[in-house]
Amino acid sequence: MNHHPHEPRLPHPRGPLSTALIASLRGTGPLPRPADAGAADPYGDDLQLALYMCYELHYRGFAGVPAEREWDPELLRVRAALERRFLEAVRADAPVHDSLDDALGALLVEPAEGTGVAGFLHKEGELWQVREYAALRSLYHLKEADPHAWVLPRLWGRAKAAMAAVEFDEFGGGRADRVHARLFADLMTDLGLDTAYGRHLDAAPAEMLALVNLMSLFGLHRKLRGALVGHFAEVEITSSPASRRLAEAMRRTGAGPAAEFFYDEHVAADAVHEQVVRHEVIGGLLAEEPELAPDIVFGIDATEYLEDRLARRLLTDWRAGRSCLRVPLGTTGRREPERRISHTS
């Protein structure tokens with residue numbers, strides 16, 4: 001069997017759900033039962049890894065796994081059970097703003113200086129923490145904007161045109177060397193990190209998997225198109241100020257010119273995107289489907305909730321002087337001293 005060179009390896013399992021799913025994808029065992037998802041921790045490593053693998057079949061797949069498994073009916077039933085468990089938990093736990101204006105207004109308020117992950121890295125982060133942050137974010141940034149592209153066939157009119165315009169920028173405006181995923185790979189090279197797609201999946205805690213899974217969940221379901229737009233609004237509106245702090249963190253820690261450029265690029269680009277998303281994507285969608293306003297709010301608030309969970313995990317570990325990763329980073333160049341790996345997950 002021939003495999004595409006960009007297909008990642010299957011990860012190591014983290015519990016019974018992911019163990020059974022990996023065995024099935026390898027052709028050595030049955031799938032987990034859909035009913036087993038109902039008893040799993042919705043934010044735990046096992047469920048989040050299993051769901052991540054189900055979604056990854058819709059991106060680049062895995063080495064040795066037949067492409068036909070993407071639409072395996074039994075596997076899709078398992079995925080639906082995992083999604084249901086995760087989505088029900090987020091709906092129950094995420095605070096929800098009373099109105100879309102309130103939700104958008106909250107995003108426009110910059111966090112206090114020095115707070116949050118970007119603020120921590122800006123003010124006091126060390127190079128080893130910058131490297132860990134880049135490795136974790138690579139799970140999204142090496143496929144940046146891909147989950148959002150799924151919403152395009154589900155939109156029309158102003159919303160579709162504006163969303164396509166933003167996505168065009170994310171994909172480099174027609175230039176392969178300016179695709180944001182390519183720019184992030186360059187950032188990783190500066191930091192001596194392996195840039196292979198999916199390389200750092202085993203290192204990522206459940207909090208990071210949940211955030212990426214949320215994008216895929218919203219993108220793959222037409223019913224959740226409003227939530228995907230809300231998620232995208234949260235990403236674009238908060239990106240520019242956070243990127244400014246991260247660009248300064250890259251300069252202060254000596255991360256390298258490509259690392260600095262990635263975040264400098266996002267400061268400028270996302271300041272424009274924020275206006276387009278608020279006025280044209282959201283405005284255009286509500287002009288056609290005003291009943292989707294609560295879904296947009298949910299997308300914003302669910303994203304904020306999972307970002308906050310990830311931030312708490314990272315900052316708790318880093319302030320204690322330990323790694324936030326499940327396994328140590330590999331290296332392709334310079335290397336910072338290893339930090340003690342946290343086993344709190």
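Asp308 sits in helix α13. Helices here are DSSP runs (H or I, at least four residues), numbered from the N terminus. The model is predicted: local features need pLDDT of at least 70, side-chain atom pairs count only at pLDDT 80 or more, and totals for chains, interfaces and linings use all residues. Residues are numbered from 1 along each chain as its sequence is written, and side-chain values use heavy atoms, with hydrogens and water left out.

Asp308 has 40% relative accessibility, so Asp308 counts as partly exposed (buried is under 20% relative accessible area, exposed over 50%, partly exposed in between, with a 1.4 Å probe and protein chains only).

Arg322 counts as buried because its relative accessibility is 17%. Its side chain makes a polar contact of 2.7 Å with the side chain of Asp317.

Turn next to a helix pair. The axes of α2 (residues 45-56) and α3 (residues 73-93) come within 10 Å and cross at roughly 130 degrees. The two helices are therefore oblique to each other. The contact (heavy atoms within 4.5 Å) involves Leu47, Gln48, Ala50, Leu51, Cys54 and Tyr55 of α2. From α3 come Leu75, Arg79, Leu82, Glu83, Arg85 and Phe86. These contact residues divide into 8 nonpolar, 1 polar and 3 charged.

Notes: Axes fitted to C-alpha atoms, helices over the stretch in contact; angles between N-to-C directions. Parallel < 35°, antiparallel > 145°, perpendicular 65-115°, else oblique. Nonpolar A, V, L, I, M, F, W, Y, C, P; charged D, E, K, R; others polar. Polar contact = N/O pair within 3.5 Å; in protein donor to acceptor, adjacent residues only side chain to side chain.
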